[in-house]
Structure formats: C-alpha cells, structure tokens
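Here is a report on selected features of one protein structure. Please keep the model open while reading.

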Amino acid sequence: LPGEIIFNEHTIVQVVPRLPGIVTAVKRHHGQQVQKGEILVVMESQMLAELRSEYRVARKRLALAQTSYQRERQLWEEKISAKQDYLVAQQLLNEAEIALDLAVVKLQSLGVQPEASSGNLARYEVRAPISGLIIDKTVALGQTLKEDEHIFVIADVSTVWAAITVYPKDLDVVEVGQKATIRATASDIEGEGVVTYITTLIGGQTRTATARMTLKNKEGRWRPGMFVTAEMLAEEIRVPVAVSADALQTLRDWTVVFGRYGEYFEARPLELGASDGKM
C-alpha cells in the first residue's frame, strides 16, 4: 500500500511567549534543531518588570513585618505593650507572607525566576519546551508580541508517522496491531511499523481510508513528506512446496525450475499454484 511520512502530531508543540513584550533578539530559526531549554527569543516585557517589582516590594514588606512582629512579641511577653498590638503585628506578618508567596507563584507560572540575573527586570527569555526541529517560525526582531501569539512550532522527530492509504477492498485485511514493513520509494531506507490507528471515515475525494503507523526515527532517516510503501501480511497459506519466483523458467511449453545434481542440471516441470509475487 502507498503512503507518506508525516510528523507525529503528539510530539508537536506550539511555542507562545506567555508575556507581552518587544522582541530584542531571535536566537533560533526555521529548520534548526534545538535542545530543551535553549533560548529561542529574548524579549523585554513591561509586565514582567512590574511582577518582579511586586516581588521585591513583597519581600521587603515581609522583612519589615518580621522585625515588627519580633519586637511586639518581646514587648508583650515583657508586659510592656498590649496583646492587641502583638496580634496586629502577627496579622501583618501573615499578610506579608501571603503577598510574597503570591508574587513568587505568579513568576513561577510564567517559567521565570523572581530575580533577574542580568539586572534587567524586563528581560524575558522564551525557551524551547522540548528538543526537536523548528518547523515554523513567525517572529522577527523588533516585533511586538501578545502573550498568546504563536511564534514557533517545534516537532520532536525521534518518532514519525507513516500515513498509509488503504483502499476499500483492503479494509477487511488491515487492522490495528498489524505489523508492516515500511520502505522508502526513492531510497533503500526500510523499517518496521505497527498499525496504531485506522480512520473510521473514507475520504470524500479519494474514497480511501488512512492507516497510521509509528516509526522510530532516532537517526533522522525518515523525513516528513517522503513517499513510502507498506507491505502487510494479508493471508498466510501453508503449501507442500514453495519456490522462488525468480527461479521459474520456461522450457518449451512448460514452466520449470532447474535442480543441480552433481555436474548436471535437471528441469523439473511445475504446476503453479498460489503466488504472492515472491514465492
């Protein structure tokens, strides 16, 4: 059956900034391989600067609240001040701790550290969420981005799919779990696959179904867009004698094979039966 290599849709990731800002550097481009955690784009985001400022203010308020709490606690234990002052200081400390925790969670949810390593509070690095191949890029230097704008598409090509065309007459033969040998039509690349999914509907224009097989592609030999042929076992028949189709010869009006006996060859006439094109 004919088919085509396509991307594994389960390993394709859309990369979005998650923060609005202006692009100050583009580190990776279409067609390049990237590793997980590599910097793709550097941005400057006013929102990030504000969030980091909130974190710094919350941290300083917490330090002040801790100092006030310790002082009021000591004064209350020494019976110098009223218990009410001590309880107010305790409440302010709790509120300061909650405010700091909230500021940290906001930053962590965006995948950034509370403290800016470069000293620039607005600097934001968009990193690759997975290792793979950049198959689409829609970002440029100086561009203003929204937080939900798709800027990269990364595909992990360590596994790919073979989309095999199944004709209506073969639907009763092809089934999920069936093994197949996949061969590239333009090269000598070959691999083994297993049918993992068969479309339930027949295509309106082609009137065919599609069987999907997963292929391992650690070496990157299988490239999306490559045309392939899938060979699957439709039926297995046990026969008393099987000969290679390449060995068949025509002698007069007979179909024969030649057997070697010492220095001589002997023609053996055959009555042909079932054939799969090879045997």
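The sections below cover the core, the aromatic contacts, the surface, the salt bridges and some backbone points.

## Basis of the report

This is a predicted model. Local features are described where pLDDT is at least 70. Side-chain atom pairs count only at pLDDT 80 or more.

## Nonpolar core

The largest nonpolar core has 31 residues. Leu40, Val41 and Phe152 touch the most other members. H1 gives the most, with seven residues.

In soluble globular proteins, nonpolar side chains tend to be buried together.

## Aromatic pairs and a charge over a ring

The count of aromatic pairs comes to two. In one of them, the rings of Trp76 and Tyr86 have their centres 4.9 Å apart. Their planes lie at 0°, so the pair is stacked. Planes under 30 degrees apart count as stacked. Trp76 lies in helix H1 (residues 46–77) and Tyr86 in helix H2 (residues 83–109), so the pair ties together parts that are ten residues apart in sequence.

How does the accessibility of each partner compare with the cut-offs? Trp76 has 32% relative accessibility and counts as partly exposed. Tyr86 has 11% and counts as buried, because buried means under 20%. Ring pairs also bring in Tyr69: Tyr69, Trp76 and Tyr86 are linked into a cluster.

Another ring carries a charge. The charged end of Arg212 sits over the ring of Trp161, 3.9 Å from its centre.

## Nonpolar surface patch

Which residues form a nonpolar patch on the surface? Leu251, Trp254, Phe258 and Phe265 do. Together they have about 430 Å² of accessible area.

Phe258 is found in strand E16 (residues 254–261). Phe258 has a relative accessible area of 45% and is partly exposed.

## Salt bridges

The count of salt bridges comes to 13. Arg73 is partly exposed, with a relative accessible area of 34%.

Another salt bridge joins the side chains of Arg183 and Glu231 at 2.8 Å, N to O. This pair links distant parts of the chain. Arg183 is in strand E11 (residues 179–184) and Glu231 in strand E14 (residues 227–232), 48 residues apart. Arg183 counts as partly exposed, at 28% relative accessibility. Glu231 is partly exposed too, with a relative accessible area of 38%. The pair belongs to a network of salt bridges that links Arg183, Glu190, Glu231 and Lys278.

Arg268 forms a salt bridge with Glu266. The closest N and O atoms are 2.6 Å apart. Arg268 counts as partly exposed at 39% relative accessibility, and Glu266 counts as partly exposed at 36%.

## Positive phi values

Arg18 is partly exposed, with a relative accessible area of 41%.

Arg252 is a further case, with phi near 55° in a residue other than glycine. Arg252 is placed in the loop between strand E15 (249–251) and E16. Is Arg252 buried or exposed? Arg252 is exposed, with a relative accessible area of 72%.

## A contact across the sequence

Lys137 is found in strand E7 (residues 132–137). Lys137 counts as partly exposed, at 27% relative accessibility. Lys137 and Val153 are 16 residues apart in sequence. In space, their C-alpha atoms are 6.6 Å apart.

Methods: Residues are numbered from 1 along each chain as its sequence is written. Side-chain values use heavy atoms; hydrogens and water are left out. Rings of Phe, Tyr and Trp (its six-membered ring) pair if their centres lie within 6.5 Å; planes under 30 degrees apart count as stacked, over 60 as edge-to-face and the rest as tilted. Helices (H or I, at least four residues) and strands (E, at least two) are DSSP runs, numbered from the N terminus. Buried means under 20% relative accessible area, exposed over 50%, partly exposed in between (1.4 Å probe, protein chains only). A charge sits over a ring if NZ of Lys or CZ of Arg is within 6 Å of the ring centre and within 35 degrees of the ring normal. Patches are made of residues with over 30% relative accessible area and no salt bridge: like charges are joined within 9 Å, nonpolar side chains (Val, Leu, Ile, Met, Phe, Trp, Tyr) within 5 Å. Accessible areas come from the Shrake-Rupley method with a 1.4 Å probe; for residues, only the protein chains shown count as cover. A salt bridge is a side-chain nitrogen of Lys or Arg within 4 Å of a carboxyl oxygen of Asp or Glu. A nonpolar core is a set of buried Ala, Val, Leu, Ile, Met, Phe, Trp, Tyr and Cys residues joined through side-chain atoms within 4.5 Å.
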